Amino acid sequence: IGNLDWGNGISPVLIVAGGYDTNKDDRPDPTDPAPGNAGTNDTKGNALFIIDALTGDLVWKAIKGSDPATSTVYENPNLHDSIPSEVTAVDSDGNGVIDRVYVGDTGGVLWRVDLAGNDPTDNTTPWVMKRLLSVGRHARSEPDRRFFQPPDELPKPDSVGDYEALIIGTGTPPNPKQDDFNNSSERLFMN
């Protein structure tokens, strides 16, 4: 839960991911490093929703597609994989309003959602969802890495100014007791 302004003043919102697609359970061994072993794209769970916490109404959603954005729907043609984790919502300028969201998907993609401005379709500050990192099945010669937990965001200053460091780890819940880490494809990533 956090605060967001989408043109009606600042109000509390819930930001939730679409969930897990059991299509992932029918795929080949996720530890097999062969490229392309992860199979087809998901048809469920590959979305992100922002919901008015007071009314339950949809404020905005990001889904797979390529149609132009509307005031409540943003489509990204690369949103192929389900998103089972919680999100990391960030108020990067300290004004009490969420302006950025980070989340990983089960295709090994880390996403950034920019919620600048209070009009999702404004040409100068539209709400968009972009890939930041791809270390799974869509990356060249990478194994079927999956993100099931939200990234940690660490605001840090340096000589140029403030930046956000992100740390996220891959994993496979069906095999949580894996102990052969020398041959594992699971990793921690910092972006």
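Guide: Of the 191 residues in the protein chain, 45% count as buried. Please keep in mind that this is a predicted model. The accessible surface of the chain comes to about 9,900 Å², and carbon and sulfur atoms account for 49% of that area. For the contacts, take those between residues at least 6 apart in sequence: 51% of them join residues at least 24 apart.

Now to the secondary structure around your sheet. The protein chain has 12 strands and 0 helices, and reading along the sequence gives the pattern β-β-β-β-β-β-β-β-β-β-β-β.

Here is the sheet itself. It is an open one, formed by 5 strands in the order S1-S2-S3-S4-S5, with mixed pairing. At its edges lie strand S1 (2-5) and strand S5 (73-76), each of which pairs on one side only. From one strand to the next, the twist averages 30 degrees.

Let us follow the edge at S1, one of the two edge strands. The partner of S1 is strand S2 (residues 10-17), and the two run in the antiparallel sense, paired over 4 bridges.

Notes: Residues numbered from 1 in each chain as written. Predicted model: local features only at pLDDT ≥ 70, side-chain atom pairs only at ≥ 80, totals over all residues. Heavy atoms only, no water. Pairing = 2+ DSSP bridges. Axes fitted to C-alpha atoms, helices over the stretch in contact; angles between N-to-C directions. Buried < 20%, exposed > 50% of the residue type's maximum accessible area, 1.4 Å probe, protein only. Contact = heavy atoms within 4.5 Å. Areas by Shrake-Rupley, 256 points an atom, 1.4 Å probe, with all protein chains shown as cover.
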